[in-house]
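Subject: Structure handover

Hello,

Please find the structure below. My notes on what was found in it come after.

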Amino acid sequence: MAQRMGGMPLIVLSEESQRTSGRDAQSMNITAGQAVAEAVRTTLGPKGMDKMLVDSGGDVIVTNDGVTILKDMDIDHPAANMIVDVAETQEDEVADGTTTAVVITGELLKRAEDLLDQDIHATTLTQGFRQAAAEVESILEENAIEVSTDDEEILLDIAGTAMTGKGAEGAKEILARLVVDAVTAIADDDGINLDHIKIRTDTGASINESELIDGVIVGKGRVNQNMPTLVEDAKIALIESALEFEDTEVSAEVNVTDPTQLEELVEKEKSIMREQVETIAEAGADVVLVKGAIMDYAQHHLAQHGILAVRRVTQGDLRKVARATGATLVHDISSLTEDDLGYAGRVEERVMDDEEQIIVEEVEDGKAVSLYLRGGTEHVVDEVERAVIDSMGVVKVTLEDGLVLPGGGAPETELAMRLRDFAEGVGGREQLAVEAFADSLEVIPRTLAENAGHDPIDSLVELRSTHDDGQFAAGLDAYTGRVVDMTEEGVFEPLRVKTQAIESATDAAVMILRIDDVIAAGDLRAERDEDDPTGETPSPAGGF
Ligand code: ADP
Ligand code: MG
């Protein structure tokens, strides 16, 4: 309820509401944001540690992936959630760089707090941050390395860099090769749609046994044991309907009044089924994938024709097979002709993850592929999958943009140096904000050093002086702690991962810093308490 009194709005809050204003509100939000960043900081880089997340049901995830950690943590502070959003945006846009984005946000907030303490106004700060962020973009673009899309070596390096530090690292080379082959295989004139890569995971074998299948793993086995398990030179029909009668079709039209009529009905159904199977066989299909059910009678006839049939195939899988084999999806079986069929060199049933799976491979233009990822245990293979997804994302971005940067803290060190120069020209109090921004970016090389057990001060000093000598690509070799040329080490990241990370970190920090009034209906944990069936857990004020 608000009413105007003497020109000032008077806001009357209910008794349960909480209001925190001014510096207190800023401080509270900054602390919450920093706490989130602190939670993922130790996972950054090749020597970052993993987190074990245990949910209320006792399920365990072991991961090094920033966004996975944040999504699964039970975070219930609004400002902290803004930082989780940063990670999610980063993940959606470019797949990789989530920890980097969050760690930079936390550091920007921390440095901002120091300046707020020195009575620098939040608006001055956010303006300075914005200027710095704009400058960052132009410095990075100016220094990005152009990569041609057929430069395999750099693509492999990019794919590998995105996987370092994750459980997949032991098999980095093999997995990087699979990822690059998979992403390049599905690229076409319309661009790169990673949905065309199907990932299937399975335990009980080493990561090294993961493979790329140039085709589609259909998540089902054949419908009948009398059908072949292997068809070579397969002609494939894709049926979007079913080989079965639903109640609404034939049966509903007939009112059965005596046993002979029932028999007639069954005969009629059978003859329709026979006709449909004949149509499929006459079209020349020896594999048929059906979206709906296949009744026993039809199964039997298909088997007699030596046709391998699969039922209840998902629409997504039907589309993938269509894309891979050139088949057309057909709804009305009676209209099926040879022209609708697709081709695959091999269709085979294999057991994966204890389930029979039909694999459609050796396809003509290979525009849909599958990655079959292996690992000793569920935890391992899940983390391999997360690493592979990040890796697919960076290869896609690289193929799209053709611009990369050296990793290992090289760009952040360079940016910090160049921003300090830039700050001198900014003048006024904004200069302090630009300098704070520069200092914040160095949290990346500092953390990489710390996580690898090296002295962060020594590392930073050496990095700065090497960059001062004009070596843009100088970064931290996390294994030896030495400062080396990252392009020689093959540590590359797409330009877009870095620009996006810094951009979203800036946006989040600015958004949080601009808030000077937090008005919460109920208390700040109200959202969570709504889920509390007892409704009787009053939380401490603003508790994070
Ligand atoms: P994010 O979620 O931000 O991608 P990561 O844990 O994947 O976090 O760490 C990414 C950082 O690790 C980047 O700064 C990247 O350049 C760096 N990095 C990756 N591989 C290496 C390496 N071999 N040597 C040094 N730094 C590396
Ligand atoms: Mg990464």
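In this predicted model, the C-alpha centres of domain 2 and domain 3 lie 29 Å apart. Their contact (heavy atoms within 4.5 Å) takes 15 residues from domain 2 and 16 residues from domain 3. The chain is divided into domain 1 (22–145 + 406–531), domain 2 (152–214 + 367–401) and domain 3 (230–244 + 270–365), with bounds that come from an automatic or database domain assignment.

Some conventions: residues are numbered from 1 along each chain as its sequence is written, while chains are lettered from A and ligands numbered from 1 in the order in which they are written. As this is a predicted model, local features need pLDDT of at least 70 and side-chain atom pairs count only at pLDDT 80 or more, while totals for chains, interfaces and linings use all residues; side-chain values use heavy atoms, with hydrogens and water left out.

The chain as a whole

The C-alpha trace spans about 95 × 65 × 40 Å along its principal axes. The chain has 19 helices and 21 strands; these are DSSP runs numbered from the N terminus, helices being H or I with at least four residues and strands E with at least two. Among contacts between residues at least 6 apart in sequence, 74% join residues at least 24 apart.

The largest pocket

The largest pocket holds about 760 Å³ of space. A pocket here is an open set of points on a 1 Å grid over the protein atoms alone, where a 1.4 Å probe fits, with protein on both sides within 12 Å along at least five of seven lines; a cavity is a set from which the probe cannot get out, and lining residues have an atom within 4 Å of a point. Grid points are joined across faces, edges and corners, and the volume is the space filled by probe spheres set on the points.

The pocket is lined by 39 residues, and Pro 46, Thr 161, Ala 162, Thr 164 and Val 491 are the closest to its centre. Helix α6 gives the most to the lining, with five residues. Domain 1 and domain 2 each supply at least three lining residues. By class, the lining has twelve nonpolar, 15 polar and twelve charged residues (nonpolar: Ala, Val, Leu, Ile, Met, Phe, Trp, Tyr, Cys and Pro; charged: Asp, Glu, Lys and Arg; polar: the others, Gly among them).

An aromatic pair

The structure holds one aromatic pair. Phe 129 and Phe 437 form it edge-to-face, 5.7 Å centre to centre and with 70° between the planes. Rings of Phe, Tyr and Trp (its six-membered ring) pair if their centres lie within 6.5 Å; planes under 30 degrees apart count as stacked, over 60 as edge-to-face and the rest as tilted. Phe 129 lies in helix α5 and Phe 437 in helix α14, so the pair ties together parts that are 308 residues apart in sequence. Both Phe 129 and Phe 437 are buried.

His 196 is found in the loop between α7 and β7. His 196 counts as buried because its relative accessibility is 17%. Beyond its neighbours within four places in sequence, His 196 is in contact with Ile 186, Lys 320, Arg 323, Lys 367, Ala 368 and Val 369. Lys 320 is one of the buried residues of helix α11 (residues 315–325). Gly 326, with a positive phi near 80°, follows α11.

Regards

Note on methods
Buried < 20%, exposed > 50% of the residue type's maximum accessible area, 1.4 Å probe, protein only.
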